[in-house]
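Colleague: I'd like a close look at one part of this model, taken slowly and with the surroundings included. Pick the piece you'd start with and walk me through it.

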Amino acid sequence: MTASTTCRTTGLRSRTAAVGAIAVAGALLLTGCGDQTKSKDNGSDDASTSAAPLADKLPAAVRDKGVINVGSDIAYAPVEYKDSSGKVVGIDIDIADAMGKQLGVDFKFQNATFDTLIGGLAAKRYDVAMSAMTDTKDRQEGIDADTGKKVGAGVDFVDYFTAGVSLYTNKGDDQGIKTWDDLCGRTIAVQRNTFSHDLAKDQAEKCKKDGGKALKIEDFATNPEAETRMRSKGADVVSADYPVAAYSVKTSGGGDYFEIVGDQVEAGPYGIAVAKDNTELRDALQAAVQAIIDNGEYEKIIKKWGVEDGAITEAKVNGGS
């Protein structure tokens, strides 16, 4: 998720990136600059097409507006977050910038809690949601993961990265936790409605079925809140996407607060969520992601953040399972 008030020509929960993904950082606040598709110069349309080769793939209304409004939870470093100066930075921001150059639009990011993003998309508060959101079949089909019931129309995803899920504890206090099966009898803190939250619920059922001690789950609106709960000893462990966990371990308290325990699990694709009926925009975004993969810009971004193992080579639609 570049900062919200500067005009730019620009352009994915779980929320497997490389073990070197420690330099990475999280829901991309880019400000729209209005309609840039016309000028007094009769040759401006040709020039615009040359500068933004995929502009014609966008829906006319989006192209004329010059902006794609993005819902994002900008509290998920290093995927999207605010740096010390308040500027919004991260993997998603840089990818969106590169896509915007292909499409000839700005990506304007609006901050919201993660668990409201799909609802906000359905309510047309945003054109897309881009916030380290894992592409899953349940989200594609609008299925509530807890009840198995259909609760919405679902969304389509344009996949752009891959990430697994990690566990981390207070530093020097891992309590023997190495795998998810070690969580029975513990308390886990997670961000609400994320893939980590889903995995925690599954593990709680497994602990119960196996006759072990119960796993208590505490869920929060943001991942930093989950970390604060663990820091205060209210929880034993936190789960988040590996890039996020690795970044927190490296930076929190100057590296003195947390440590990763065990291996990352359940690698899956991050996707940009688009309403089911907005197929033209979906296909334009897919073309833009593939274009930056093919022209090398994607590789530069992935290397910048140290997350090469999470890179993809093909921008799939609904590649999650």
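Modeller: I'll go through the sheet, then its surroundings.

A word on the ground rules. This is a predicted model, where local features need pLDDT of at least 70, side-chain atom pairs count only at pLDDT 80 or more, and totals for chains, interfaces and linings use all residues. Residues are numbered from 1 along each chain as its sequence is written, and side-chain values use heavy atoms, leaving out hydrogens and water.

The protein chain holds ten helices and ten strands. Eight strands make up an open sheet with mixed pairing, in the order β4-β1-β5-β10-β6-β9-β7-β8. Two strands pair here if DSSP finds at least two bridges between them. At the edges sit β4 (106–111) and β8, each pairing on one side only. As background, strands of a sheet pair through backbone hydrogen bonds, either parallel or antiparallel.

Let's take some of those pairings.

Contact means heavy atoms within 4.5 Å.

I call it a salt bridge when a side-chain nitrogen of Lys or Arg is within 4 Å of a carboxyl oxygen of Asp or Glu. Glu-218 has two such partners in this account: Lys-216, with the closest N and O atoms 3.6 Å apart, and Arg-229, at 2.7 Å, N to O. Since Glu-218 lies in β8 (residues 216–220) and Arg-229 in helix α7 (residues 223–231), the second pair ties together parts that are eleven residues apart in sequence. Buried means under 20% relative accessible area, exposed over 50%, and partly exposed in between, using a 1.4 Å probe and protein chains only. Glu-218 is buried at 12%, while Lys-216 at 48% and Arg-229 at 32% are partly exposed. Elsewhere, Asp-210 bridges to Lys-206 at 3.2 Å between the closest N and O atoms; Asp-210 is exposed at 55%, and Lys-206 is partly exposed at 36%. Asp-156, Lys-276, Arg-282 and Asp-283 form a linked network of salt bridges. The count for the model is 16 salt bridges.

Helix α8 (residues 242–251) is worth a stop too, and Val-244 has its place there. Val-244 is buried, with a relative accessible area of 2%. Beyond residues up to four places away in sequence, Val-244 touches Tyr-76, Ala-77, Pro-78, Val-79 and Asn-223. Ala-77 is 167 residues away from Val-244 in sequence, yet their C-alpha atoms are 5.7 Å apart. Setting aside neighbours within four places, Ser-248 is in contact with Tyr-168, Glu-227 and Phe-258.

Last, the nonpolar packing. A nonpolar core here is a set of buried Ala, Val, Leu, Ile, Met, Phe, Trp, Tyr and Cys residues joined through side-chain atoms within 4.5 Å. The largest one has 58 residues, and those with the most contacts inside it are Ile-68, Ile-95, Met-99, Leu-103, Phe-107, Ile-272 and Leu-285. Helix α9 (residues 279–294) gives the largest share of this core, with nine residues. Taking the whole protein chain, 53% of its 321 residues count as buried.

Terms used. Helix = DSSP H or I, 4+ residues; strand = E, 2+ residues; numbered from the N terminus.
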